[in-house]
Amino acid sequence: MKTPIFDFANEYAKGGAVRAHMPGHKGKGALCEELDITEIVGADSLFEADGIIKQSEENASELFGAHTFYSTEGSSLSIRAAVYLLSLYAKEKGRAPLIAAARNAHKAFLSAIALTDADTVWLAPKEDASYLSCPVTAEDIRAFLANAKELPIAVYLTSPDYLGNVLDIAAIGEVCHSFGVLLCVDNAHGAYLKFLSPSRHPIDLGADICLDSAHKTLPVLTGGAYLHISKNAPSLFEKEAKDALCLFGSTSPSYLILQSLDRANAYLEAHRERLAEFTPLVEALRSALKERGFTLIGDEPLKLTLAPRAFGYTGKEIAYILERKNIVCEFSDSDYTVLMLTPENGVQALKKIKKALLSIDRKEPVPNTQPRFSLPERVMPIREAMLSPRETVPLANSIGRVLASPSVSCPPAVPIAVSGERIDENTARVMEYYGVTECLAVKL
C-alpha cells in the first residue's frame, strides 16, 4: 500500500527548499523537524483534502471498511465531531438532539454535549461496577428504549472501556436499529480489533459511527485517531464529517501525526499476522497469572487488568513493584493495575512481565473498600453548568453544590460526577476514594 503523505514529506525534506513558510524551525533541529511541514503546495489540507491526504484516508477507509477520516487531535476531536453529526441529523429529522450514553463516557463527550447544545440521558452502571465501567447488555438497552418517554437519536457506548471490558456491540446494534436509534461507539482503546480474525471492530458489528485512537494500540504517534462512518449510516454523516472535524479542530494539524497515520496503513496491510501471532501469547500470560492466583477482569485481547486485592495488594502497589523492575503500567488505582500491550512490545517483554508478576508473594487479601457509585441528582443542563461562573471548593465543603466542570485526571478521564449534578454525600465519598480533594462548583 502506498504512503502518499509520508513519501511527500520525505521528498520535500531531501529537496533542500528554502522554507519561507511555517513552522518556525525551518526544518532544522535534532528531532524530526525536517519532516514537520504545513499546507504547502502538494501537501494537501486535512479538512479540505483532495490530494495526498485524501488518498491516504481512502487507504484507511479500505482497511477499515468504512468512510474513515483522520484526526491529529486524538479521539477527543472525533468524539466532538460525532456528537455534532448526531445533533445535526436529529435536527434534520425534526427530533431533539438527545443521546443516551453509558455513564463511563470520556470527559470529551461532556464538552461535546455542551458545545453542540445536545442533551444526554445516562445509562447507569450496575451497582457493583466501577465508575470506569458500564456493562450494559442488549436487553438493558431494549428495556431502556421500550420505556423511554422520548427515544434518543442515538445510543453512545464506550467499548472497550478503560479496564478492558468489551460490550456485545452486535446484539446492542440490532436492538438500537429495531427502534430506529443509531449506535455510536467510543472504540478509542480498540482500533486493532478490526484486524483480529474475525474482526471485532464496532463498524463490522453494526455501529453507525465509531471513533478509534490509533495511537493507543497501533504504531501511530500520540494524537493520531480516526472517525469512522459506517457505509450503512445516514448519508449526512459522510457528507458533513470533514466540516464536523473542522468545526472543533485546529487549523494547523500535525503533519508528523498525519505521516504516522499514513504509514500505519502500509503496516496494517503488510503485518496483520503479527497480531494473530501475538494475541495467543497474551492469552497464555493471562492464563499463567490466573493459575498463580491473580484475578483478572475484562476480555479485551491486548489488555491485562489485574484486580489484585484478593492477592494481597492494591493496584498501585502492583504497579510500583513492576515499575521497580522497569515495567511501566498504563494506569493503576487502589483496585486495578492496567497493562496495555501490542505486538510492538514483543515476546521478551511478555516474558519479563510474567517473571515479575509470578515472583510476587501472595499475602492476606486487602479488604475491598471501594464505595458503590450511584447517579447524583441532575439540577442543571450540562451546557449551562459547564459555561457558568465557577469557583474551586474543597471536597469537604462540596456537599449540596452543583458541579460546573468534572474533577478528573487523564488517565482515565472518566468523570465521577457530571456538570450540572448536585454533589451528594455518596458522590463525595466516591470522589475522595479516587483522590479528588477539590472540585469546581457553579458559583453561588
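# Close-up views of a predicted model

**View 1. Helix α12 (residues 315–324) has a buried face.** After α12 comes N326, with a positive phi near 65°. Helices here are DSSP runs of H or I with at least four residues, strands are runs of E with at least two, and both are numbered from the N terminus. This is a predicted model: local features need pLDDT of at least 70, side-chain atom pairs count only at pLDDT 80 or more, and totals for chains, interfaces and linings use all residues. Residues are numbered from 1 along each chain as its sequence is written, and side-chain values use heavy atoms, with hydrogens and water left out. G315, I318, A319 and L322 of α12 are buried (under 20% relative accessible area, 1.4 Å probe, protein chains only). Seen down the axis of α12, these residues fall within an arc of 100°, so they line one face of the helix. The arc is taken from the directions from the helix axis to the C-beta atoms. The buried residues pack against β10 (331–332), β11 and α13 (346–358); contact means heavy atoms within 4.5 Å.

**View 2. Strand β9 (residues 303–306) is covered on both faces.** K303 and T305 are buried on one side, L304 and L306 on the other. Strands pair if DSSP finds at least two bridges between them. β8 (residues 296–297) runs antiparallel to β9, joined by two bridges. Four bridges pair β9 with β11 (residues 337–340), also antiparallel. L306 stands opposite L296 in β8 and opposite T337 in β11. Five residues lie between the strands of the β8 and β9 hairpin, where G298 has a positive phi near 85°.

**View 3. The largest pocket has a volume of about 470 Å³.** On a 1 Å grid over the protein atoms alone, a pocket is an open set of points with protein on both sides within 12 Å along at least five of seven lines; a cavity is a set where a 1.4 Å probe fits but cannot get out; lining residues have an atom within 4 Å of a point. Grid points join across faces, edges and corners, and volume is the space filled by probe spheres set on them. The pocket has 26 lining residues, with H106, Y162, H189, S213 and K216 nearest its centre. α3 gives the most, four residues.

**View 4. The largest cavity holds about 110 Å³ of space.** Among its 14 lining residues, L218, Y267, L268, L275 and P343 are closest to its centre. α11 gives the largest share of the lining, three residues.

Notes:
Buried < 20%, exposed > 50% of the residue type's maximum accessible area, 1.4 Å probe, protein only.
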